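Please consider the two-chain arrangement shown below.

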Amino acid sequence: MTNNSMEANRPDLLLIFRLEGEAFALSVSWVHEILDAQPWAPVPNSGPFAPGLINVRGAVVPVIDIRHRLGLPPARSERTGRMIVFEHVIDCVSHKLAFNADSVEQVIECDLASLEPVPPLGTSWPQECLRGVVRNGDELVILLETETTFAPPTEPFVAA
Amino acid sequence: MIEQATEAFVLEARELLTELEALFLELEDEVSASRIDEIFRALHTVKGSGSMFGYTALSRFTHHFENAYDLVRSGQLEVERGLIDISLSARDLMVSFLDLGGDGPEAEALLASEDVTRIVNQLSGLTGQSCGEARPDQGGAHAVEPGDATCSPAEPHGLRKFRIKFRPALDALRNGMRPDLLLKELEDLGKTSFELEISAVPRLTELDPTDGLIGWVLEVETPEGREAIEDVFIFADDADLTIEEVSEETPQSDDVANLQAEADQPATPVSRPGAEAIPGTVGTPKQTSTAKSESIRVTSSRLDDMMDALGELVIAQARLEAVCEEVGNSTLETVVEDMQRLVMGLRDATLSIRMLPVESVFGKFRRVVRDLSADLGKDVRLLTEGGETEIDKNVIDRISEPLVHMIRNSIDHGLETAQERADLGKFAQGTVWLSACQEGGEILVSIEDNGKGLDAEAIRRRAIERDLISAEADLNEQDLHQLIFEPGFSTAEVVSSVSGRGVGMDAVKTTIDALGGSINVLSRAGQGTRITLRLPVTMAIIDGLRVRLGESVYVIPLSAVEECVEMDEAENARDSGRSLIQIRDETVPYLELDKLFGQEACPEEGRRVVVVRVDGMRAGLIVDDILGQGQTVIKGLSIYHRDIPGLGGATILGDGRVALIIDVATLIRWAETRRGQGPRKAA
């Protein structure tokens with residue numbers, strides 16, 4: 001995994017969304033659309049990483065469980081909040097993916113030069129998913145490293 | 001206009017070259033006059049139209065080739081292996097010329113290249129050898145018709161003078177004809193002088209500059225005969241053309257043919273009365289033009305667009321049906337039913353356009369086998385079966401490379417040398433069988449050889465060496481064989497130029513997996529190896545049976561479904577580990593989909609059994625309910641879900657929900673491995 005494709009597209013605009021009250025951010029340039037939360041079709045034996053599929057205007061889009069990826073507790077209901085649909089490039093092929101956020105707040109402008117690294121002791125989230133911390137007013141916003149956060153699990157399918 | 005005509009020429013030439021390859025190979029097996037004629041005509045067409053569409057280098061090269069087959073046609077040159085070798089190489093060079101996209105420095109360079117020179121020398125060697133009794137270029141035609149001997153000049157190198165009147169048809173220029181190239185070709189024959197004939201050119205105000213109004217009166221002094229000149233104009237068959245020889249030696253009786261073409265006999269101008277004895281020659285251009293009116297060429301991307309649009313239409317149709325059910329209006333229902341019938345018809349028609357017989361790829365393997373057996377010094381024959389089986393064009397395009405690879409493997413690693421075979425008491429000639437057939441919703445393509453088979457022990461050693469299995473792994477022979485599909489595996493002890501690069505079979509497997517197919521190898525030491533590919537007939541739209549499992553909807557491809565029966569309530573409650581049901585007087589094993597899919601079991605009453613057939617075996621799938629059947633647009637699964645066994649894709653239902661499509665074959669195979677009967681995970 002390299003970060004090159006991200007570096008080439010330095011995000012200046014960040015979309016802020018919340019999970020368990022924490023503010024996370026994603027580069028706006030990758031975001032496709034934001035939908036109301038909706039039930040997804042569960043994929044049997046898929047494991048917790050990408051448990052389901054939704055229909056986004058005729059396209060079948062995998063739903064990624066970002067809470068599980070970050071080690072957060074499961075959502076109380078999958079029907080609340082918002083669903084963020086974004087573009088993710090794996091091996092030069094663009095994939096549309098979706099994940100549930102508790103809420104979507106705002107788009108901020110951000111100079112990525114001001115990005116600070118996240119001190120490993122400062123969070124319990126997997127370090128490889130975190131790109132850095134930016135300040136939005138008084139609040140700290142965690143910018144996610146999409147490349148690693150949404151990378152398909154490396155272990156091949158193991159029979160349940 | 002000209003670009004289009006040139007494009008059409010290139011397409012036609014490519015088709016002819018493909019045909020030629022097959023014809024040469026057939027000719028090697030069995031010499032027949034009709035094949036030789038076909039070869040000659042194809043060469044002649046490429047030569048003639050090549051010079052008209054700015055492929056003169058190709059045309060000049062083909063000229064030598066054609067000469068050789070003219071001699072073959074007249075029986076002066078015998079068909080033997082050497083000739084076929086040269087012919088195939090020459091054909092490949094023609095493809096190279098075509099690839100260069102017309103005349104230019106590159107084409108000239110190729111014409112002057114060593115390869116071309118060598119082939120031309122070989123061809124001239126062939127024609128030269130047998131030209132003792134006839135003139136080098138057109139000897140064939142004359143030998144057939146002894147009466148023509150009069151028009152062969154006594155001294156072959158003496159110059160003859162011809163006067164040619166030539167005016168293209170009115171719309172010929174618009175159709176891409178290039179008089180300049182014809183004139184240039186004429187100049188190649190000898191010293192040429194010409195006058196313009198402009199009597200037909202109207203006043204400037206009435207002039208359409210794209211009309212062919214200018215004529216030429218040409219005089220050529222050439223050592224060649226009349227045929228050479230007629231050849232130059234062969235494709236200007238609707239032009240106003242007169243050729244006469246200006247010579248005291250040749251009296252008027254030598255048919256001063258008025259070569260004004262007639263629409264229904266376009267080839268008459270080029271065929272001398274005697275030449276009509278040669279079957280087929282006369283009809284060529286005519287056949288080509290009729291074929292054109294019966295079929296049209298469409299780029300496959302347009303077909304793909306059409307298929308995409310159709311996919312959307314099917315989904316919209318399903319939505320319409322769902323709405324109609326809600327509304328419950330009988331007038332609307334009638335319209336929706338009509339719509340459904342029409343969409344179905346449209347779907348079938350579109351799919352059938354995309355279906356091609358497998359033969360279209362099998363054909364090119366004959367060449368692969370021939371070249372390879374020569375390279376490796378093995379005597380191999382290829383037998384094919386079921387070439388008429390039809391598969392979606394996209395599938396065909398993508399299996400062609402893997403098939404070539406597997407055939408190479410069979411010949412390189414599978415088949416022994418003639419000596420080894422003889423020592424083993426086997427027939428010295430090795431055989432590779434290539435066959436295709438349809439079974440349910442799948443196409444089976446298999447490649448089989450009667451060689452030495454896979455060496456299970458060598459595979460085990462290699463797999464351990466490559467860390468694919470642990471040294472203690474206890475695998476049976478069948479499982480060891482499947483390891484050849486693992487990434488980074490290669491058993492070739494000698495790395496030959498042909499295969500043994502270690503990227504082979506796993507690349508094949510990746511391609512087949514991506515198509516939603518599966519691959520399986522069966523091998524017996526000393527007897528041979530058979531690799532079977534199971535491929536979906538189409539990758540786009542299938543007929544599916546919608547079933548309910550808890551709250552989820554799944555689609556089972558209807559092609560795999562044999563029947564649906566009710567689940568026996570007593571059987572439903574059984575928890576003994578037995579999973580067999582009685583259907584009429586047959587015992588059928590069944591799978592509980594909810595358990596396989598890890599859904600919480602909430603046993604419902606009135607469940608159904610969908611009986612499917614896989615690998616010739618019947619099995620039941622237990623579902624909560626059957627919802628109905630309909631067309632299903634297959635959407636591929638993403639990298640996150642692709643490897644899950646039993647799932648063949650997803651689709652969007654009429655109500656907008658996503659449903660998963662069950663891949664019955666992998667589901668049942670996976671269920672078997674879960675029972676501990678099948679191969680263990682290699683890792």
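This is a predicted model: local features need pLDDT of at least 70, side-chain atom pairs count only at pLDDT 80 or more; totals for chains, interfaces and linings use all residues.

**The interface between the chains**

Between chain B and chain A, the count of salt bridges is 0.

On the side of chain B that touches chain A, the elements giving two or more residues are strand 13 (552-557), strand 20 (647-652), strand 21 (658-662) and helix 21 (664-674) of chain B. Strand 20 of chain B provides the largest share of that side, namely 3 residues.

In terms of residues, 28 from chain A and 23 from chain B take part in the contact. The two chains bury about 2000 Å² between them, and 69% of this area is on carbon and sulfur atoms. Within chain B, the residues that lose the most area to chain A are B:Tyr640, B:His641 and B:Val658, which together account for 34% of what that side buries.

**Aromatic residues**

The aromatic pairs over all chains number 16. In one of them, the ring centres of B:Phe65 and B:Tyr69 are 5.9 Å apart and the planes stand at 65°; since an angle over 60 degrees counts as edge-to-face, the pair is classed accordingly. Both residues belong to helix 3 (residues 56-73) of chain B, where B:Phe65 and B:Tyr69 are separated by 4 residues, about one turn of the helix. B:Phe65 and B:Tyr69 are, moreover, both buried.

A charged side chain also meets a ring in chain B: B:Arg73 lies over the face of B:Phe40, at 3.8 Å from the ring centre. In chain A, ring pairs join A:Phe17, A:Phe24, A:Phe86, A:Phe99, A:Trp125 and A:Phe150 into a cluster.

**Positive phi angles in chain A**

Turning to the backbone, which residues have a positive phi although they are not glycine? A:Glu20 has such an angle, of about 50°, and A:Asn45 has one of about 60°.

A:Glu20 is located in the loop between strand 1 (13-19) and strand 2 (22-27) of chain A. A:Asn45 occupies the loop between strand 4 (41-42) and strand 5 (52-56) of chain A.

Is each of these residues buried, partly exposed or exposed? The relative accessible area of A:Asn45 is 16%, which is under the 20% limit, so A:Asn45 is buried. For A:Glu20 the value is 33%, between the limits of 20% and 50%, and A:Glu20 is therefore partly exposed.

Conventions
Residues are numbered from 1 along each chain as its sequence is written. Chains are lettered from A and ligands numbered from 1 in the order in which they are written. Side-chain values use heavy atoms; hydrogens and water are left out. Rings of Phe, Tyr and Trp (its six-membered ring) pair if their centres lie within 6.5 Å; planes under 30 degrees apart count as stacked, over 60 as edge-to-face and the rest as tilted. Buried means under 20% relative accessible area, exposed over 50%, partly exposed in between (1.4 Å probe, protein chains only). A charge sits over a ring if NZ of Lys or CZ of Arg is within 6 Å of the ring centre and within 35 degrees of the ring normal. Contact means heavy atoms within 4.5 Å. Buried area is the accessible area (1.4 Å probe) that two parts lose on being put together, summed over both. A salt bridge is a side-chain nitrogen of Lys or Arg within 4 Å of a carboxyl oxygen of Asp or Glu.
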